[in-house]
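Welcome! Please take a moment to look over the sequence and the structure below before reading on.

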Amino acid sequence: MLFRILDPQTKANQFWRDFDRLNDELTRSILDSQFGSSSHFPPVNVYTKEDEALVTCLLPGMDTDQIDINVKDNMLSIHGKKKAEDLAEGTEVHRREIFYGEFHRSLELPFRVNQDQVSAKYVNGVLNIHLPRREEDKPKKVSINIG
């Protein structure tokens, strides 16, 4: 019997593929319910200097009209919808690890942002968002009087 299950020519092998697919979907469903469906998508890096922040975000295969960026005070929100690829009729998915669907990512920055000077650039699937710090939030040197 074991030989028949491992034999790729039998329907039993399809049973195990279906079982693996169901297990993947169940695991994803449990993780989504605990952490949100896009808790780590898109992946981001946040770099800060005294007067600015740079957020780098990986969004391969998307068009800029599928991405929304919003900034308010010290919160950055990236929202979008990544369309699934169209598969030819009869195509069976063996494994799907690339995220498709709607996502929302909010990041708290360590300072308030000058919303009028925010800029974004999207090249080769990488979104770079430049976030200048508000002038009134920049550190100020305090002089000490002797006396």
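Is Glu52 buried or exposed? Glu52 counts as buried because its relative accessibility is 19%, where buried means under 20% relative accessible area, exposed over 50%, and partly exposed in between (1.4 Å probe, protein chains only).

A word on the model itself comes next. This is a predicted model, in which local features need pLDDT of at least 70 and side-chain atom pairs count only at pLDDT 80 or more, while totals for chains, interfaces and linings use all residues. Residues are numbered from 1 along each chain as its sequence is written, and side-chain values use heavy atoms, with hydrogens and water left out.

**The overall layout**

The chain has two helices and seven strands; these are DSSP runs, numbered from the N terminus, with helices (H or I) of at least four residues and strands (E) of at least two. Along the sequence they follow the pattern α-α-β-β-β-β-β-β-β. Of the 147 residues in the chain, 24% are buried. The accessible surface comes to about 11,300 Å², and carbon and sulfur atoms hold 52% of that area; such areas come from the Shrake-Rupley method with a 1.4 Å probe, and for residues only the protein chains shown count as cover. Among contacts (heavy atoms within 4.5 Å) with a separation of 6 or more, 55% join residues 24 or more positions apart.

**The salt bridges**

Side chains of opposite charge can pair when their charged atoms come close. A salt bridge here is a side-chain nitrogen of Lys or Arg within 4 Å of a carboxyl oxygen of Asp or Glu, and the whole structure has three of them.

| Asp73 | Arg134 | 3.2 Å |

Lys49 counts as exposed because its relative accessibility is 55%. The Asp73 and Arg134 pair spans 61 residues, with Asp73 in the loop between strand S3 (67-72) and strand S4 (75-82) and Arg134 in the segment after strand S7 (126-132). Asp73 is partly exposed at 32% relative accessibility, whereas Arg134 is buried at 16%. Glu136 lies in the segment after S7 and Arg112 in the loop between strand S5 (101-108) and strand S6 (119-123), so this pair ties together parts that are 24 residues apart in sequence. Arg112 is partly exposed, at 31% relative accessible area.

**Strands and core**

S6 and S7 pair in the antiparallel sense over five bridges; two strands pair if DSSP finds at least two bridges between them. Tyr122 has Leu127 in S7 as its bridge partner. The two strands form a hairpin with two residues between them, and Asn124 in the turn has a positive phi of about 50°.

The largest nonpolar core has 18 residues, and those with the most contacts inside it are Leu59, Leu76, Ile78, Ile129 and Leu131. Such a core is a set of buried Ala, Val, Leu, Ile, Met, Phe, Trp, Tyr and Cys residues joined through side-chain atoms within 4.5 Å. Strand S2 (52-58), S3, S4, S5 and S7 each give two or more residues to this core. Leu76 touches residues including Val55, Ile69, Leu107, Ile129 and Leu131, leaving aside those up to four places away in sequence.

**A patch on the surface**

Finally, Phe15, Trp16 and Phe19 form a nonpolar patch on the surface, with about 320 Å² of accessible area together. Patches are made of residues with over 30% relative accessible area and no salt bridge, with like charges joined within 9 Å and nonpolar side chains (Val, Leu, Ile, Met, Phe, Trp, Tyr) within 5 Å. Phe15 sits in helix H2 (residues 11-35) and is partly exposed at 49% relative accessibility.
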